[in-house]
Amino acid sequence: MFGLLDKIGTTAAAIAGVVAGALLTAALMSLYIWLFHDPAVATAAREGFVAASEKLALQGQIDEMNRQSKLAEAAAQSDRLRADAASKEADNAWKQYEAAVAADTGDDGCRVSPVDLDWLRKSRGAAVGSVK
């Protein structure tokens, strides 16, 4: 008879141990969540990271726009310099042409009159626009 009671007592003790272990595990998990894994703390930390990453992304966009602006400014300056050089070259060519016309005293039947030169000057000014 004591053998049967012994088996029931041992079984009850084992069940009580399993229940106590489960309760202790649940209590420790709750304590861990409360102390170390607080969702509010994780949310607050993520909010800070989101703001910082958005700021970093916007700063990158601003830096890229500044870089592109500087490149465009340098290209525009280069174009201005080339346009000025081309304008000076055209002026020099025009002066050389006028000098050649003035020096032309040949009797080949193809003389350029002052009226023709005036017309060329007017048409040159209308055809070539100012870059500045």
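The questions and answers below go through a predicted model of one chain. Residues are numbered from 1 along the chain as its sequence is written. In this predicted model, local features need pLDDT of at least 70 and side-chain atom pairs count only at pLDDT 80 or more, while totals for chains, interfaces and linings use all residues; side-chain values use heavy atoms, without hydrogens and water.

Reader: Which helix has the lowest confidence in the chain?
Author: Confidence is given as pLDDT, the predictor's confidence in each residue, from 0 to 100. The chain has a mean of 84, and 89% of its residues reach 70 or more. Helix H2 (residues 39-103) has the highest confidence, at 90. The lowest, at a mean of 74, belongs to helix H3 (residues 114-127).

Reader: How many helices and strands are there in the chain?
Author: Helices (H or I, at least four residues) and strands (E, at least two) are DSSP runs, numbered from the N terminus. From that end, the elements run α-α-α. The count is three helices and zero strands.

Reader: How far does H2 reach from its first C-alpha to its last?
Author: The expected span of a helix is 1.5 Å times one less than its number of residues. H2 has 65 residues, and its expected span is 96 Å. The reach in the model is close to that, at 95 Å.

Reader: Which residues of H2 are buried?
Author: Buried means under 20% relative accessible area, exposed over 50%, and partly exposed in between (1.4 Å probe, protein chains only). Of the 132 residues of the chain, 3% count as buried. In H2 the buried residues are Ala 83, Trp 94 and Val 101.

Reader: What kind of aromatic pair do Trp 94 and Tyr 97 form?
Author: Rings of Phe, Tyr and Trp (its six-membered ring) pair if their centres lie within 6.5 Å; planes under 30 degrees apart count as stacked, over 60 as edge-to-face and the rest as tilted. A search of the whole structure finds one such pair. The ring centres of Trp 94 and Tyr 97 are 5.8 Å apart and their planes are at 40 degrees, so the pair is tilted.

Reader: Is Tyr 97 buried or partly exposed?
Author: Trp 94 and Tyr 97 are three residues apart in helix H2, so about one helical turn separates them. Trp 94 has a relative accessible area of 16% and is therefore buried. Tyr 97 has 34% relative accessibility, so it counts as partly exposed.

Reader: What is the distance between the closest N and O atoms of Asp 79 and Arg 82?
Author: Side chains of opposite charge can pair when their charged atoms come close. A salt bridge is a side-chain nitrogen of Lys or Arg within 4 Å of a carboxyl oxygen of Asp or Glu. Asp 79 and Arg 82 both lie in helix H2, about one turn apart. They form a salt bridge, and the closest N and O atoms are separated by 2.1 Å.

Reader: Which residue forms a salt bridge with Asp 118?
Author: The structure holds three salt bridges, and one of them has an N to O distance of 3.5 Å. Asp 118 is partly exposed because its relative accessibility is 35%. The partner, at 58%, is exposed; the residue is Lys 122.
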